Amino acid sequence: MRVLETCLYVDDLDRAEQFYTQVLGLTLHSRVPGRHLFYRLDGSMLLIFDPRASAQPGDVPPHAGAPGAHACLTLHPSQTDAWEARLRAAGLTVTRYAWGDRGESLYFHDPAGNVLELAPPRIWGLDAGRRTTVNA
């Protein structure tokens, strides 16, 4: 098994779309105004919901949560410096954390306060040969 989708919750979908599309460079798969943004990643989906709308009953079970969650996207270790510079240039506060010989993570917040991390898969001992999610 592997994670197919990850959900984050935001209070402003327009700000979230600008951040995830322009700052992180993710590919928007679909958008329902006032409800959600879906981003296609490498082999998975990132679902971003406005909980005021997604908590309402509908065709699928309600998705209710709050900003302040965590998601980690992969990057190749050679891209860490470039991503740190890109994030700082976008005005973000970035914390760089070393996991010994396994690599380094970059931690920062999205506009809703979710904690995002960019890290190589090897911090968990996972295959580093797979394609990565984000590119500088």
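Tutor: Buried means under 20% relative accessible area, exposed means over 50%, and partly exposed is in between, with a 1.4 Å probe and protein chains only. Of the 136 residues in the protein, 37% are buried. This is a predicted model, in which local features need pLDDT of at least 70, side-chain atom pairs count only at pLDDT 80 or more, and totals for chains, interfaces and linings use all residues. Residues are numbered from 1 along each chain as its sequence is written, and side-chain values use heavy atoms, with hydrogens and water left out.

Student: What does the radius of gyration say about the protein?

Tutor: The radius is taken over C-alpha atoms, and the globule rule is 2.2 Å times the number of residues to the power 0.38. For 136 residues a compact globule would have a radius near 14 Å, and the protein's 15 Å agrees with that. Along the principal axes, the C-alpha atoms fill a box of roughly 45 × 35 × 20 Å.

Student: How should I read contacts along the chain?

Tutor: A contact means heavy atoms within 4.5 Å. Among the contacts in the protein with a separation of 6 or more, 53% join residues 24 or more positions apart.

Student: Which residues does R31 touch?

Tutor: Leaving out residues up to four places away in sequence, R31 touches L13, D14, E17, H36 and L37. R31 sits in strand β2, residues 27–32. With a relative accessible area of 27%, R31 is partly exposed. From R31 to R2 is 29 residues in sequence and 24 Å in space, C-alpha to C-alpha.

Student: Where is G25, and what does G25 touch?

Tutor: G25 is in the loop between α1 and β2. Its contacts are Y20 and R86, again without residues up to four places away in sequence. G25 is partly exposed, at 44% relative accessible area.

Student: Is A89 buried or exposed?

Tutor: A89 has a relative accessible area of 72%, so it counts as exposed. A89 belongs to helix α3, residues 80–89. In sequence A89 and L24 are 65 residues apart, and their C-alpha atoms are 12 Å apart in space.

Student: How far apart are R15 and A112?

Tutor: They are 97 residues apart in sequence and 8.5 Å apart in space, C-alpha to C-alpha. R15 lies in helix α1, residues 13–23, and is partly exposed at 46% relative accessibility.

Student: What does UniProt list for residues 2–121?

Tutor: UniProt positions are given in the numbering used here, feature names are shortened, and annotations may be inferred rather than shown by experiment. The unreviewed UniProt entry lists residues 2–121 as "domain: VOC". In the model, that stretch is 21% helix and 34% strand, and its end C-alpha atoms are 13 Å apart.

Technical notes
Helices (H or I, at least four residues) and strands (E, at least two) are DSSP runs, numbered from the N terminus.
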